[in-house]
Amino acid sequence: MDRKLNNFAYYRLPGQSHYTFMAQSKGEPSAYGSVAELDGQEGFVMAPFMVSRQHPVLVMHPDVVENHEIQFQQNHASTKTTAPERPTEKATYASAFAKFHEETRAGEFGKIVLSRCSKADLPDDITPQDLFLKACNIYPHQFIALVCLQQAGTWLMATPEVLLDGNPEEWHTMALAGTTKREEGISDVSKTVWTKKNKEEQQYVSTYIKDVLSKHTDHISEQGSYTVAAAHLLHLRTDFTFKLNNTANIGALIEALYPTPAVCGIPKEKARAFISASEQIDRKYYSGFCGPLSLHGETHLYVALRCMEIVGKTANLYAGGGILHDSNMETEWKETQTKMLTMHRLLNS
């Protein structure tokens, strides 16, 4: 790779044995003030949770595209089973949880997502590209991406959640909500017993997505909900397959889907405004989305979850969870810890 490149991305689709490297060597990626402006655009997209002048929607127009086979290695994963427990971080989270939880108990939101950020040191002998390849090895069934754009910074993710995937003939999205830790030695995850809270959370997301799609298509096929594994985590998932009435309005569909209640809340815009005003972190591009967008070929847009922002030799790890009226602080804290383990394993293996 040319180290002088300022705008590039590596990504590996779930289950594939090769990754794609894209770079824009001339000019800068296009910047937009809304996701709806993606109508008719092609390239690699990086979108934030909340679009602003500081964090615009970015579309890289690659003039370099390469595919490389992945060299798989055995025993590449860390045996680490818990993220570091930091009392000051937990106290900060508990304070924020109380504020968010009160809103759901008062009936302001059916669900709202609270996120947090934890810092970790990058080993001296490892590069972001090394971490990307390590993630490809450890997490073969996730979308792995390393995105480095001058306006967005450097982000690495191993996410299980599709925002929009497909081609002009057929499209796919999913509702992915509800989280629990996968117990070791259990191979048949279909027998997982889910709590009422997790089932409610999944239903909020599924209902929202179905309502959005009904305004853009007359042909929706729904499958689920069912349990899926994402490394050491389990989620409830519902799949939606559909045809678009007008593919020229893809930006409007993405704008309506994003952010889903899985990363934001219900009602959406009210929840997003409350999160932006009340969360104790700036999510930036965490819980936005990224991936290749092409109306003439394949589109693979994934929600930016299980991710880290790399700043020099520091990794900012992000995780969040949905809060309902009957949520419990200790349970929600442990869920964020479990989610952060996805990235911690890359730093400790």
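**Close-up views of a predicted model**

**View 1. Helix 1 and helix 3 beside strand 7.** Helix 1 (87–105) lies across strand 7 and strand 18 (314–323), and runs at about 170° to strand 7. Helix 3 packs on the sheet as well, where it touches strand 7, strand 14 and strand 18, and its direction makes about 105° with that of strand 7. Contact here means heavy atoms within 4.5 Å, and the angles run from 0 to 180 degrees between N-to-C directions, with axes that are lines fitted to C-alpha atoms, for helices over the stretch in contact. Helices (H or I, at least four residues) and strands (E, at least two) are DSSP runs, numbered from the N terminus. This is a predicted model, in which local features need pLDDT of at least 70 and side-chain atom pairs count only at pLDDT 80 or more, while totals for chains, interfaces and linings use all residues. Residues are numbered from 1 along each chain as its sequence is written, and side-chain values use heavy atoms, with hydrogens and water left out.

View 2. Nine strands in the order 6-2-1-8-9-17-18-7-14 form an open sheet with antiparallel pairing. Strand 6 (64–69) and strand 14 stand at its edges with a single partner strand each, so one side of each is left without a neighbour in the sheet. Two strands pair if DSSP finds at least two bridges between them, and strand 7 is joined to strand 14 by two bridges, the two running antiparallel.

**View 3. Lys111 in strand 7.** Lys111 belongs to strand 7 (residues 111–121), and its bridge partner in strand 14 is Ile266. With a relative accessible area of 0%, Lys111 is buried; buried means under 20% relative accessible area, exposed over 50%, and partly exposed in between (1.4 Å probe, protein chains only). The side chains of Lys111 and Glu201 are joined by a polar contact of 3.1 Å, and the side chain of Lys111 also reaches the backbone oxygen of Pro261 at 2.9 Å. A polar contact is a pair of N or O atoms within 3.5 Å; within protein, one must be able to donate a hydrogen and the other to accept it, and residues adjacent in sequence count only if both atoms are side-chain atoms.

**View 4. The buried side of helix 5.** In helix 5 (residues 268–278), the residues Lys268, Ala271, Arg272, Phe274, Ile275 and Ser278 are buried. They lie on the same side of helix 5, because they cover an arc of only 165° around the axis, the arc being that of the directions from the helix axis to the C-beta atoms. What covers these buried residues includes helix 1, strand 7, helix 3 (196–214), helix 4 (250–257) and strand 14 (265–266).

View 5. Strand 10 (residues 162–167) and strand 16 (residues 299–303) pair in the antiparallel sense over four bridges, and Val162 stands opposite Tyr302 in strand 16.
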